[in-house]
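These are my notes from going through one model.

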Number of protein chains: 2
Amino acid sequence: MSTGDGFLLPLRLFVGFRQLIDGVHAELAREGHPELRPLHGFVFQAIGRDGTTAVELGRRLGVSKQAAGKTIDNLERLGYVERATDPDDARRKLVRLTDRGVTVLIRSAQIFDELRAEWAARIGPERLRALEADLVTATGAEAFRLDVPGWFGS
Amino acid sequence: MSTGDGFLLPLRLFVGFRQLIDGVHAELAREGHPELRPLHGFVFQAIGRDGTTAVELGRRLGVSKQAAGKTIDNLERLGYVERATDPDDARRKLVRLTDRGVTVLIRSAQIFDELRAEWAARIGPERLRALEADLVTATGAEAFRLDVPGWFGS
DNA sequence: TAAGATGGTCAACGTGGTTGTCCAAAACGT
DNA sequence: ACGTTTTGGACAACCACGTTGACCATCTTA
């Protein structure tokens, strides 16, 4: 049975995703972080409070270690992360969020919560919870992969 | 009130989007179209059955006319679209789907419907309808923009 | 201790986006 | 009707970000 509206679902999923991401970055830009791109927020999350390495970051993002290294270069230049040599392993260079980076990570979470509250106001809190639960059920446990530019275009 | 799970929503929206797109392209690849990228499906939709021009395509996709032209070049090389001069306006070059392109457009719609049916089986048809309706309510009438590579990364 | 695995960087390349420029053809205003 | 403006398309240069391949230093392991 082909209802013909199968395009609606992916379209709306993406529009929703994009609106949330754009909302966060519009607010972050207003608060003094205009250079951050959507990609960076996910990188911040992948780095986390404990820090990581370029290779491990690449693994988490689903991109090559070189690509991860370039992203780190950019964020380092922007002052959001810093590299430190690992005292236990001279090969590794720990990538850690700076204070500025941690601030962004915290603010991002807060703004996402605010945007989520707006959704709740629009469709109702219980409908939003159901939406989230259904999304999890429908999509399973698949992890997030960050290779969006290369994935989408080519 | 910060529940701290604000990250869940955008993440799951994107994972859902990506799973659907990947599902369609996996099947299309199986059916003889392995070179199509996620981007292309949306371009096909933007071109439509009636065809369009490079400038208009760029407008619909939210990218420059030059970028649209390059995408058309690629799809033309792959045999999915063709350019024809407009008899009423010698400046315009109508971009139309070839038979192969139309086939993909039709199959994409069918596969999306099938994937949607899988979602319905997993969470229930009425929950899926509610999910779609809530997404539309939450995101409003915003149009789809195709400048994903430049938007996300950069 | 020698051989292999791992982490990081550099270089070369491809893709796809952008802006700037230019030309031909259509639309417009006097 | 004619000159001016607008529009559609293409070319070039450039940039961002991904890839693979190679190389070196360091740690691990047989």
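**Entry 1: a helix of chain B.** I looked up the buried residues of helix 3 (residues 54-61) of chain B and found B:A54, B:L57, B:G58, B:R60 and B:L61. They cover an arc of only 165° around the axis, so they lie on the same side of helix 3 of chain B. The arc is that of the directions from the helix axis to the C-beta atoms. A residue is buried if 20 or more other C-beta atoms lie within 10 Å of its own, exposed if 12 or fewer, and partly exposed in between, with C-beta atoms placed from the backbone. An α-helix has 3.6 residues a turn, so residues three or four places apart point the same way. I then noted what the buried residues of helix 3 of chain B pack against: helix 2 (38-47), helix 4 and strand 2 of chain B. After helix 3 of chain B comes B:G62, with a positive phi near 75°.

**Entry 2: conventions.** The model is predicted: local features need pLDDT of at least 70, side-chain atom pairs count only at pLDDT 80 or more, and totals for chains, interfaces and linings use all residues. Residues are numbered from 1 along each chain as its sequence is written, while chains are lettered from A and ligands numbered from 1 in the order in which they are written. Helices (H or I, at least four residues) and strands (E, at least two) are DSSP runs, numbered from the N terminus.

**Entry 3: chain A overall.** I counted seven helices and two strands in chain A. From the N terminus on, their order is α-α-α-α-β-β-α-α-α. Along the principal axes, the C-alpha atoms of chain A fill a box of roughly 60 × 35 × 25 Å. Chain A has 154 residues, of which 37% count as buried.

**Entry 4: the strands of chain B.** Strand 1 (residues 81-86) and strand 2 of chain B run antiparallel and are joined by six bridges; two strands pair if DSSP finds at least two bridges between them. A hairpin of two residues connects strand 1 to strand 2 of chain B. B:A84 stands opposite B:L94.

**Entry 5: the two copies.** How is chain A superposed on chain B? A rotation of 180° with 0.0 Å of shift along its axis does it, with RMSD 0.1 Å. The two copies are therefore related as by a two-fold rotation axis. The superposition is by least squares on the C-alpha atoms of residues with pLDDT of at least 70 in both. Of the residues of chain A, A:P149 comes closest to the rotation axis, at 2.3 Å (C-alpha).

The contact takes 46 residues from chain A and 47 residues from chain B, where contact means C-beta atoms, placed from the backbone, within 7 Å. Helix 1 of chain A gives the largest share of the side that touches chain B, 13 residues. By class, that side of chain A has 26 nonpolar, eleven polar and nine charged residues. Ala, Val, Leu, Ile, Met, Phe, Trp, Tyr, Cys and Pro count as nonpolar, Asp, Glu, Lys and Arg as charged, and the others, Gly among them, as polar.

**Entry 6: DNA strand C.** Which residues come nearest to DNA strand C? Of the 24 residues around DNA strand C, they are A:T53, A:A54, B:S64, B:A67 and B:A90. Near means a C-beta atom, placed from the backbone, within 6 Å. Helix 4 of chain B gives the largest share of this surface, five residues.

Definitions and conventions
Two residues are in contact if their C-beta atoms, placed from the backbone, lie within 7 Å.
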